[in-house]
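Please keep the sequence and the structure in view while reading.

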Amino acid sequence: MDDAFYSDFEEELAKTLAAMRRELGRVRTGRASAALFEGVTVEYYGTQTPLNQIATIAIPEPRLVTIQAYDPNAIANIERSILKADLGLTPSNDGKLIRVPIPELSGERRKELVKQVRKTAEDFRVSVRNHRRDAIDGLKEMQKDKEITEDEVKQGQDRVQKITAEFVGRVDGFLKAKEEEIMEV
């Protein structure tokens with residue numbers, strides 16, 4: 001049994017973790033973060049363009065995001081797009097710079113966000129388990145095609161399970177860190 005099978009499996013799981021990290025980065029906590037604006041696109045010369053391609057996003061203070069448009073004519077569209085993105089944020093501009101204050105989260109809102117983050121983490125755990133199932137099915141298929149023996153399938157399943165457990169642990173670690181960040185006052 002070659003290691004390429006397992007490295008492909010780990011690569012798939014790593015992509016899943018990266019997607020989870022991006023997803024959790026979009027969840028608004030009480031702290032300013034450029035990741036909040038990752039999904040925001042702006043109408044720019046007739047094309048929907050990601051915000052980070054037409055402006056610089058900076059975090060000068062823990063509760064403030066500033067957005068400097070490369071083209072001053074795009075400021076109004078950027079402001080509109082932030083409002084439309086339904087992030088619960090209210091941008092203001094002085095003609096050159098957009099300021100987006102990050103308001104303090106209420107206790108109720110924090111609890112809602114923790115529930116949302118837990119659901120997201122569970123979705124990613126399911127995804128990891130689906131990758132495990134696909135890997136085990138691949139091992140069984142290789143046995144059926146007489147490429148590997150029954151003992152190798154057993155060893156492979158154990159190794160796949162071990163790798164899966166490690167990645168589920170990482171998912172749980174990301175979840176715990178995000179929960180702490182949300183509950184931080």
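## Surface and charge

The accessible surface of the chain amounts to about 10900 Å², and carbon and sulfur atoms contribute 49% of that area. The model is a predicted one. Among the 185 residues of the chain, 38% count as buried.

The side chains include 30 positive and 34 negative ones, and the centres of these two sets are 6 Å apart.

## Elements and overall form

The chain contains five helices and six strands. Read from the N terminus, its elements follow the order α-β-β-α-β-β-α-β-β-α-α. The chain is more spread out than a compact globule, because its radius of gyration is 22 Å, well over the 16 Å that the globule rule gives for 185 residues.

The C-alpha trace spans about 70 × 40 × 25 Å along its principal axes.

## Aromatic pairs

The chain has two aromatic pairs. One is formed by phenylalanine 5 and tyrosine 6, edge-to-face, with 5.3 Å from centre to centre and 90 degrees between the planes. Phenylalanine 5 has 19% relative accessibility and therefore counts as buried; tyrosine 6, at 4%, also counts as buried.

Tyrosine 44 and tyrosine 45 form an edge-to-face pair, because their ring centres lie 4.8 Å apart and their planes stand at 75 degrees. Tyrosine 44 is partly exposed at 23% relative accessibility, whereas tyrosine 45 is exposed at 66%.

Terms used. Residues are numbered from 1 along each chain as its sequence is written. This is a predicted model: local features need pLDDT of at least 70, side-chain atom pairs count only at pLDDT 80 or more; totals for chains, interfaces and linings use all residues. Side-chain values use heavy atoms; hydrogens and water are left out. Helices (H or I, at least four residues) and strands (E, at least two) are DSSP runs, numbered from the N terminus. The radius of gyration is taken over C-alpha atoms; the globule rule is 2.2 Å times the number of residues to the power 0.38. Buried means under 20% relative accessible area, exposed over 50%, partly exposed in between (1.4 Å probe, protein chains only). Accessible areas come from the Shrake-Rupley method with a 1.4 Å probe; for residues, only the protein chains shown count as cover. Lys and Arg count as positive and Asp and Glu as negative; His and the chain ends are not counted. The place of a charge is taken as NZ of Lys, CZ of Arg, CG of Asp or CD of Glu. Rings of Phe, Tyr and Trp (its six-membered ring) pair if their centres lie within 6.5 Å; planes under 30 degrees apart count as stacked, over 60 as edge-to-face and the rest as tilted.
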